[in-house]
Amino acid sequence: MHFSINTDACFTVISQINPKAVVISTNIPLEMEKIIRDQDDATGYEIFLKPSQSFSKFKAITKIESILKNNPNVFYPTYEQMIAMSRINLRQNDAFSEIDLNPYFGSLFENGNDIGAECVSALISLSESEMGYDFDQYISIFDVGSFNDTMIINEDCMHALKILDSSTHPNFHSSKKNQRIKTMCLFDILNQTCSPMGQELMKSWFKRPSTNFNVIRARHELVSVFVEPTTADIIKSLRRILRSLKNIPRVLGDISVGRAKIEDWYALLTFFNSFRLIQETFQEVFKGNSVVINENVQQVLTGSEIDINVQNIENIIDFTQSKLSDRIVVRRNVDVELDKLKDSYEQIEDILSDVAARISQTLPQVSHPINVMYFPQLGYLIVFEREHQDKSAPMVEQGKWEIIFSTDSHIYLKSEEMREMDNQFGDIYGVICDHEIEIVQSLQEEILKTSSKLLAASNLCAQIDCHLAFAEVAKMRGYVRPEMTTERSLEIVEGLHPIYEQVVDTFIANDTNFQENQSLITLLTGANYSGKTVYLTQIALIVYMSHIGSFVPAKSATIGITDRILARISNRESISRTKSSFVIDLEQMSSIFRLMTPYSLILIDEFGKGTDVADGASLFGAMINYFQMLGNICPKVLASTHFHELLKNGIIDTSRLNLCHMQVLLDESAPEGDTNSITYLYKLQNGEAISSFGINCAALCGIDQSIISKAEIFYNHLVKGDDLTQYFMTFSKEEAQKLKVASKNVRTFLSQNIDTILDVVGLLDSITNETEN
């Protein structure tokens, strides 16, 4: 099957968004539909197939314009959207300017973006036909995103770099049964967020690193403020506030459909009070300086809006009684009619006791207590114990009482007085609950009027949480702020691997230097086990971290905006992927060549080792040659290999490469098979490595010494160019004698003049018989 660039883009979008549903058109090519459905097996999203008529630009424009009229804030831009589009001050005269909001709406339908509009139309159709939602009523905020400002990094690369992949394995050293250990990934290190909203935003940053220079710079600048020693106490206070926050988008979602519990209302009240504290804290941090995020924090929810919402919630909801009753209870003095109902309900116990006592007096022959109880749908009933049922028989026989139902222990009856109580009191508890639901519904409607602002405020809290997390890690680990540039250069001084440096006692720092006006291809050689793969992934992770807004593990770093990180480092083989490892490697390389741009970072780790040596070396060499031929549009390429023969005899033009190797010290006086004959320095040096030292690595890994010795013999002869056939041809005495006889027969036969002999078979027989005799 031929894979087009649209396939790669489709995979990337799905992996970065991680959708719950995918809507596809009936006009989609069959091979693309098959790919999307195959991907569904791994990701678990639901696929909806819609007719092509559902993808209508006109319908989308009409529907969105209708939504905008009803709710102008539905396109409320987030803080980073404003930075990305350089629209910082959206408030004019304490009102949101329609002109400033237009770019977010217009970006869907202008500049020939028909596909974006058509997809919006399909989503509207899906929500209305499949899910039964009125799009006008249920849409609270419309987030317009663009992949033009997003780094492409596919799932295989994320796995190879251990960015989000936290795998587990059995802990054989634990006494606890079935205990498993979680391996570390980059997300585990950087995710020091305090709130669920912060963690969700952090995940989205990890899945969609930004390539927008303004956004990246704004993130780094805010982290720089938070790492200042003078703000340490304030930062602790902010993190303490953020820990009290719940998932506000989820809370608002539950409120909008009437599913909110008392814990949700308390979470919303806490959010309002906490956001006020955040506003005050930010005023102290920035002290009147004009900083974009501070302006957003102060403006997104005004003090009066917070006060009104807090008062509404506190004045209406009785949190103490709600917790005791396990439902939302409305306070006293909110509604006069509700208060009267509650007064009556509080007296109902006394009323029922009085009625029961009065009924007992009319039946002097009854010595046991009589109860009066209320039952939904049935009303008020007189309750007799079954063993005294005969005492109520006269009233039943006279038609004054009616048996409604009975149990093994009690009998329940209705009298005229009970019917009068039904009319007078009815289901007073149910009436109270219904009345309270109506009041809470009104409160919900008032709260939802500011839902877009609340979502924007919660997004700001998540933003702050993520920046504080980056600052916390930077202070703990000694990370530095990278200098971002629009050039294609990459310079890292004393860089460290953010994951491996946490799990070893000593980690050796290494430099990296790619300059736009020089060769952008670095070829790395070196011994097995010398740290080549770690170095490759280290560079990629530092570049990646800078693009999500984090500081980086280095002494200094200058990093050009990188639109894609594409890697052939490792593959994830499984029985579900019915392909060999080499085929998977080839597919990864094919994807790299389709997706790369001059601003990409390409990592290739020992490609070609999964096939014949000659084939693998040829393919690898041809790929390096292709990169060289790209000239000024060549991306940054960092490749490692053991194909040293490519660097000889001009097969690859080494003058157009940065040749480097990982340094080792070789003790030539050490005896054969000594595992200490090599010292790995893990230090990057210029030039080519003299050997891969694979045999030494095998000895270090515990391969049997007899195998190591034989391997050294083979290696020495291969280096000299000797024929190894004799080392694989050992014969017994009997086999050697047979070979000697056969050789003599061949020489005798070849000495004959075959042209003059008519019976060749007879000749062969005579030669054989003569030899045997």
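Over the ring of which residue does the charged end of Lys-323 sit? The ring is that of Tyr-266, with the charged end 5.1 Å from its centre; a charge sits over a ring if NZ of Lys or CZ of Arg is within 6 Å of the ring centre and within 35 degrees of the ring normal. This is a predicted model, in which local features need pLDDT of at least 70 and side-chain atom pairs count only at pLDDT 80 or more, while totals for chains, interfaces and linings use all residues. Residues are numbered from 1 along each chain as its sequence is written, and side-chain values use heavy atoms, with hydrogens and water left out.

**Charge over a ring**
- Arg-219 lies over the face of Trp-205, at 3.7 Å from the ring centre.

**Aromatic pairs**
- The structure holds 20 aromatic pairs (rings of Phe, Tyr and Trp, the last by its six-membered ring, with centres within 6.5 Å; planes under 30 degrees apart are stacked, over 60 edge-to-face, the rest tilted).
- One of them is the tilted pair of Phe-384 and Trp-401, at 5.7 Å centre to centre and 55° between the planes.
- Phe-384 lies in strand 8 (residues 379-385) and Trp-401 in strand 9 (residues 401-406), so this pair ties together parts 17 residues apart in sequence (strands are DSSP runs of E, at least two residues, and helices of H or I, at least four, numbered from the N terminus).
- Phe-384 is buried at 0% relative accessibility, and Trp-401 is buried at 8% (buried means under 20% relative accessible area, exposed over 50%, partly exposed in between, with a 1.4 Å probe and protein chains only).
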